[in-house]
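Here's a quick look at the charged side-chain pairs in this one. Have the viewer open and follow along.

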Amino acid sequence: MGLFNNMLVGAMPFVPKPIVGFFAKKYVAGTCLDDAVKTVKDLNAHGVCATMDLLGESTTDREEARNAVAVYKQMLAAIEDLKLDSNISVKPTHMGLNIDYGFCFENIRELVEEADRRGNFVRIDMEDSPTHDDTFKILTELRKKYDNVGAVLQAYMRRAMDDINKVLAPLKANVRLCKGIYIEKHEIAYRDYETVRNNYGYLLEKLLSEGCYTGIATHDEMLVWKGMSVVDRLRLDKDRYEFQMLLGVTPALRDIVVKAGHRMRVYVPFGEDWHPYCVRRMKENPEVAGYVMKAFLSGGK
Ligand SMILES: Cc1cc2nc3c(=O)[nH]c(=O)nc-3n(C[C@H](O)[C@H](O)[C@H](O)COP(=O)(O)OP(=O)(O)OC[C@H]3O[C@@H](n4cnc5c(N)ncnc54)[C@H](O)[C@@H]3O)c2cc1C
């Protein structure tokens with residue numbers, strides 16, 4: 001990313017919320033569960049399944065984490081009652097990982113149990129590197145009793161292949177593979193764009209050939225091509241993998257993948273806590289960040 005773009009995205013957190021909100025609408029379903037349900041119904045009607053995410057992270061308050069668990073339970077009930085094609089994604093720090101490991105584990109376990117009862121599935125999102133060991137530990141512990149829980153692997157992490165060999169392949173885990181979005185130190189994460197891409201392809205082949213159900217989560221056309229070519233070469237049935245994209249990002253590429261007959265799942269975030277999520281999305285797309293800054297500098301006119 002160039003210096004100007006760096007400055008632009010660095011300024012994003014200081015832009016007033018209403019201006020960010022105007023440009024960010026397409027990335028978030030809304031503030032309440034009804035909004036998310038509406039979006040999921042619409043996606044389902046177009047042959048696309050979903051994963052619903054209640055926005056929120058780095059919770060330091062037990063009550064807030066418990067409230068989030070309650071909303072997730074409402075989501076699972078709504079999915080079953082309305083026959084939606086959707087599962088749920090949760091962030092460990094939203095479930096209280098920064099408060100206490102045991103508290104967080106119990107919250108996620110409760111959701112996995114509830115999902116199991118309702119024939120649904122819980123994906124544990126992957127956050128920044130200090131949370132990785134605990135997140136893999138939670139997955140490993142839960143998999144002793146439940147099959148309906150999966151993890152995320154970030155291709156920019158230097159440890160990613162080790163995590164496949166030591167944790168994910170032995171568990172035959174259900175894994176979402178993405179590039180990784182947090183800012184990490186060079187010692188632990190690849191920074192070069194092509195290296196991350198190459199590692200993504202390498203990890204994808206490994207996950208699929210180890211028999212891990214894999215969510216190929218990317219909007220990078222080259223990696224979408226890579227995904228399609230690997231599943232073809234390995235002659236994988238369509239129930240062994242899926243593609244995944246974020247709400248509002250590259251819908252045209254999403255349609256191409258769907259038309260080619262692959263399963264596609266869209267990540268549908270919602271909730272009052274939309275601002276940090278949208279700033280992260282805009283940081284990934286300096287073009288949108290540019291529009292936002294322009295609106296800000298012209299007084300929102
Ligand atoms: C379903 C899903 C779940 C994810 N879960 C996690 C997670 O748990 N942990 C984690 O660290 N990361 C997660 N991510 C984010 C991921 O790590 C990447 O940061 C993100 O997907 C961008 O990488 P990319 O592979 O799309 O490639 P990029 O090279 O970043 O993007 C490829 C192209 O997509 C388009 N694009 C990308 N972002 C935007 C945008 N915001 N607006 C408009 N166009 C855009 C651009 O045209 C860009 O050229 C998830 C991503 C997806 C799709």
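What follows is a short tour of salt bridges and their surroundings.

Keep in mind that this is a predicted model. Searching the whole structure turns up 21 salt bridges.

| Pair | N to O distance |
|---|---|
| Glu141 and Lys144 | 2.8 Å |
| Asp220 and Lys179 | 2.9 Å |
| Arg233 and Glu205 | 2.9 Å |

Let's take Asp220 and Lys179, whose side chains meet in a salt bridge. Asp220 sits in the loop between strand E6 (214-217) and helix H9 (221-233), while Lys179 is in the loop between strand E5 (175-178) and helix H8 (193-209), so this contact ties together parts that are 41 residues apart in sequence. Asp220 counts as buried because its relative accessibility is 8%, and the cut-off for buried is under 20%.

Next up is the salt bridge between Arg233 and Glu205. Here Arg233 belongs to helix H9 and Glu205 to helix H8, so the pair links parts that are 28 residues apart in sequence. Glu205 is partly exposed, at 23% relative accessible area.

Then there's Glu141, which forms a salt bridge with Lys144. Is Lys144 buried or exposed? With a relative accessible area of 65%, Lys144 is exposed.

Finally, which residues are linked in a network of salt bridges? That would be Glu80, Glu114, Arg117 and Arg118.

How values were computed: Residues are numbered from 1 along each chain as its sequence is written. This is a predicted model: local features need pLDDT of at least 70, side-chain atom pairs count only at pLDDT 80 or more; totals for chains, interfaces and linings use all residues. Side-chain values use heavy atoms; hydrogens and water are left out. A salt bridge is a side-chain nitrogen of Lys or Arg within 4 Å of a carboxyl oxygen of Asp or Glu. Buried means under 20% relative accessible area, exposed over 50%, partly exposed in between (1.4 Å probe, protein chains only). Helices (H or I, at least four residues) and strands (E, at least two) are DSSP runs, numbered from the N terminus.
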